[in-house]
Structure formats: C-alpha cells, structure tokens
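Colleague: Could you take me through this model before I set up my calculations? I would like to begin with the loops and then turn to the sheets.

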Amino acid sequence: MKSMLPLWCVTASALVLGVTLSYAGETPSVDGTRVYFINIKHNDQVESPFLVQLGLSEQMGVAPAAADWPDTGHHHLVINSPTPNPNKSIPKDKVHLHLNMGQTEVTLDLPPGQHTLQAVFADYAHIMHEDPIVSDTITITVK
Ligand SMILES: [Cu+2]
C-alpha cells in the first residue's frame with residue numbers, strides 16, 4: 001500500500017502542519033488486527049447524547065497519542081466523512097475525533113437523522129499503520 005506523493009505536496013503539507021515528515025507504512029500494524037464498535041452497530045437507532053465504545057483486537061494495544069511504542073496506536077472516530085487519506089495525518093476537527101489520551105470510548109451528541117461512523121486506528125503521528133486498521137463504516141439513526 002505504499003504510494004508516492006509528489007515532493008511539492010509533501011513539502012507543502014509539512015509546512016502547513018509543522019510536523020515531522022512521515023509516510024503511511026512507516027509504522028507497521030500486526031497482521032490480523034481489527035478495530036470495531038463494541039456497543040453500537042449498523043442500522044442502530046440511538047438517542048443523543050450516546051456513548052460509543054471502540055474495541056481493538058488483542059494483537060495491538062492502545063497508547064496515548066504521543067507515545068511511539070511498538071504495536072500501539074490510538075483510536076479515531078470519523079463522523080459523516082470518508083475514510084481519511086492513509087498517507088497523511090488524520091485531520092483534527094469536529095468530524096475527526098482523536099482519542100489522544102488512549103481512551104476507548106467517547107460520547108457523541110449528534111442532531112436527529114442519519115449519521116455514518118467509522119473507527120480508525122492510527123499511530124503516534126496520527127497516520128494509519130501499514131496495513132491500515134479501520135472498521136466498516138456504519139450508519140446509525142439519531143431519534
Ligand atoms: Cu490521532
């Protein structure tokens with residue numbers, strides 16, 4: 001899954017973000033690792049606010065965001081958005097939540113209607129591992 005970015009693109013990103021250059025594939029995942037929703041599933045109906053619990057299979061561990069420890073990472077929740085670019089740091093905004101302290105659950109307060117959720121596990125630099133560890137995208141309805 002390695003891909004080449006044009007140099008101007010990488011340079012521009014580094015300037016904008018002020019981060020150390022880093023590529024997807026720099027941090028390996030452990031074969032077979034899965035991230036998943038524990039307490040919520042596709043087509044569920046919920047009332048806001050609601051708790052979302054994230055699971056990680058036992059091959060890897062959850063760590064605080066800044067910790068560059070082997071076979072670890074931290075959870076992200078992507079709301080109503082496509083799967084982030086695996087070659088870049090996951091954006092930090094209202095629809096890309098970073099569980100930076102190593103949390104495994106987060107409370108969401110979303111307006112009534114349909115919403116999509118995806119769990120994404122990523123490394124200390126907020127970049128997906130190689131191979132990426134992402135859940136299926138599920139659709140839920142807030143009553
Ligand atoms: Cu992150």
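**Loops, sheets and one histidine**

Modeller: Let us begin with N43, which is located in the loop that connects β1 and β2. Please bear in mind that this is a predicted model.

Colleague: What is the phi of N43?

Modeller: N43 has a positive phi of about 75 degrees, although it is not a glycine.

Colleague: Is N43 buried or exposed?

Modeller: N43 is exposed, because 9 other C-beta atoms lie within 10 Å and the cut-off for exposed is 12 or fewer.

Colleague: Which residue in the turn between β8 and β9 has a positive phi?

Modeller: That residue is H126, with a phi of about 65 degrees. H126 is not a glycine either, and its place is the loop between β8 and β9.

Colleague: And is H126 buried or exposed?

Modeller: H126 is buried, because 23 other C-beta atoms lie within 10 Å and 20 or more are required for that class.

Colleague: Now the sheets. What is the strand order in the open sheet of three strands?

Modeller: The order is β1-β3-β7, and the pairing is antiparallel. β1 (35-37) and β7 (105-108) are the edge strands, each with a single partner, so one side of each has no neighbour in the sheet. From one strand to the next, the twist averages 25 degrees.

Colleague: How many bridges join β3 to β7?

Modeller: Four bridges join them, with β3 spanning residues 50-56. Within this pairing, Q53 has E105 in β7 as its bridge partner.

Colleague: What about β8; how many bridges does the pairing with β5 have?

Modeller: Strand β5 (residues 72-79) and strand β8 (residues 113-122) pair over six bridges in the antiparallel sense. Opposite H76 stands V120 in β8.

Colleague: How many residues separate β8 and β9 in their hairpin?

Modeller: Five residues lie between the two strands of that hairpin.

Colleague: One last topic, H74. In which strand does H74 lie?

Modeller: H74 is part of strand β5.

Colleague: Why does H74 count as buried?

Modeller: H74 counts as buried because it has 25 C-beta neighbours inside 10 Å, and the threshold is 20 or more.

Colleague: Which residues is H74 in contact with, beyond its neighbours within four places in sequence?

Modeller: With those neighbours set aside, the contacts of H74 are V62, A63, P64, A65, H98, L99, N100, G102 and A122.

Colleague: And what separates the C-alpha atoms of H74 and Y124?

Modeller: The C-alpha atoms of H74 and Y124 are separated by 7.3 Å, although these residues are 50 residues apart along the chain.

Note on methods:
Residues are numbered from 1 along each chain as its sequence is written. This is a predicted model: local features need pLDDT of at least 70, side-chain atom pairs count only at pLDDT 80 or more; totals for chains, interfaces and linings use all residues. Two strands pair if DSSP finds at least two bridges between them. Axes are lines fitted to C-alpha atoms, for helices over the stretch in contact, and angles run from 0 to 180 degrees between N-to-C directions. Two residues are in contact if their C-beta atoms, placed from the backbone, lie within 7 Å.
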